[in-house]
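This briefing covers one protein chain and how its parts pack together. The sequence and model come first, then the points by topic.

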Amino acid sequence: RSSDLQREILQPKKKLAYVSGETVLVWGEKCELVVQEAPDEYGIVKKEAGRLILVVPSYAGYEERRKLVHGWYRRELQRMIEPLRRRCEPLVGKKAKEWRIRDMHTRWGTCNVGAKRIWLSLHLAKQPLEALEYVAIHELTHLWEANHGEGFKARLDLYYPQWRQVKKRLDAAADFN
């Protein structure tokens, strides 16, 4: 089982071409990507009945399509930040001054302890909501403990007892494309 997990972690995820029929993730749900061309549209992304619909002008290539989908992920994540703050900050007992979103390619989140600023990877919008909650609690915990030492882990155990299992699933599903 652990060798299967290691293979899954080490195997690169297939890079999307942003064409119809591909599978994309939205909050942990597999959705079929449906690309529709519309000559007068400037680009729209919407989720309907297990499908992510990408409406683009006929000239839109890979980069335009990727930017549209990533922009939609960013808006999805932004929509979740305020409820997340209300749930997680009282639990941890610390407040971040700012929550921001970044297209990170190797991390799920970061915390600038001095500025009390938390950055979340926009790719969290692909993962189940438990992953977003885990990352938020993880980063808020850095406002108590700057490193990942025993004190940090003890606090995470207190705030989010299942963090190890969620982290394992999140790392195995890492997709920063």
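In this predicted model, Y134, I137, H138 and T141 of helix α3 meet F152, R155, L156 and Y159 of helix α4; contact means heavy atoms within 4.5 Å. Helices (H or I, at least four residues) and strands (E, at least two) are DSSP runs, numbered from the N terminus. Residues are numbered from 1 along each chain as its sequence is written. Local features need pLDDT of at least 70 and side-chain atom pairs count only at pLDDT 80 or more, while totals for chains, interfaces and linings use all residues, and side-chain values use heavy atoms, with hydrogens and water left out.

**Helix pair α3 and α4**
- Helix α3 covers residues 129-141 and helix α4 residues 150-159; they pack at an angle of about 135 degrees, with their axes 10 Å apart.
- Axes are lines fitted to C-alpha atoms, for helices over the stretch in contact, and angles run from 0 to 180 degrees between N-to-C directions.
- The angle makes α3 oblique to α4, given that under 35 degrees counts as roughly parallel, over 145 as roughly antiparallel, 65 to 115 as roughly perpendicular and the rest as oblique.

**Sheet β5-β7-β6**
- Three strands form an open sheet in the order β5-β7-β6, and the pairing is mixed; two strands pair if DSSP finds at least two bridges between them.
- β5 (98-102) and β6 (109-112) are at the edges with a single partner strand each, so one side of each has no neighbour in the sheet.
- From one strand to the next, the twist averages 20 degrees.
- β6 and β7 (residues 117-121) run antiparallel and are joined by four bridges.
- T110 has W119 in β7 as its bridge partner.
- Helix α2 (residues 62-92) lies across β5 and β7, and runs at about 150 degrees to β5.

- Beyond its neighbours within four places in sequence, L124 is in contact with W27, L77, W108, A131, L132, V135 and L170.

**Whole protein**
- The protein has five helices and seven strands.
- The C-alpha trace spans about 55 × 40 × 25 Å along its principal axes.
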